[in-house]
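Let's take a friendly walk through a protein model, looking at how some of its side chains pair up and what lies on its surface.

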Amino acid sequence: INAVDVSARIIGDIRVEASEGAARIADLTIRPANGTGFAIADWSGKSLTIDVVDMSTGVPTDARRLFTGLIDTPTLNLDTKTIGLLATDNLQNRVEALSAASIDVLIPGGYHSPVIFDPAARGWSRAQDRLATVPASLDLSPPCDFRISDWAPLASPNLSFTAAHILDGSLSTT
């Protein structure tokens, strides 16, 4: 949080929800350091990054970014003495801040017709109009870079299974 490692203070699960064409949402709970004072409102807008690391050797290796965003809604639980943090990657606001020309470059092949769409559309509305004309979606990658996801199928699958992966009786036809 704000470039300070709070991993040791995380309580329970970290959940990251990612849907195509929508803002990525992270939800986690931390226990504040003993003897520290804070105001819940001060947590809003702070940066939050979540990395997953391989700890199989006891030393963190192979760090991979899972989430980058801003804390949106902090909540205080007095019973458990914890702070719940709901964060967003801020997709809509980042697109909203772009110029029409930047959006046009960001969504290649997209079309914006002043006859069909609102000619004054800007930001998120303009991006959605352009996306309606191409088989793709716009979202942010875990490190928070814009990316276009093409809907066309890949030439080869990301995962494939062989007979060695199939357990006896695990597949059936209906």
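Predicted model: local features only at pLDDT ≥ 70, side-chain atom pairs only at ≥ 80, totals over all residues.

Residues are numbered from 1 along each chain as its sequence is written, and side-chain values use heavy atoms, with hydrogens and water left out.

A salt bridge here is a side-chain nitrogen of Lys or Arg within 4 Å of a carboxyl oxygen of Asp or Glu. By this rule the count comes to 7. One of them joins D51 and R65, whose closest N and O atoms are 2.3 Å apart. This pair links distant parts of the chain, with D51 in strand β3 and R65 in strand β4, 14 residues apart; strands are DSSP runs (E, at least two residues), numbered from the N terminus.

How open are these partners? Buried means under 20% relative accessible area, exposed over 50%, and partly exposed in between (1.4 Å probe, protein chains only). D51 is partly exposed because its value is 38%, and R65 is partly exposed at 36%.

Another salt bridge connects D139 with R147 (3.0 Å, N to O). Here D139 counts as buried because its relative accessibility is 7%, whereas R147, at 32%, is partly exposed.

Finally, look for L76, which lies in strand β4 (residues 61–77). L76 is partly exposed, at 42% relative accessibility.

Key. Helix = DSSP H or I, 4+ residues; strand = E, 2+ residues; numbered from the N terminus.
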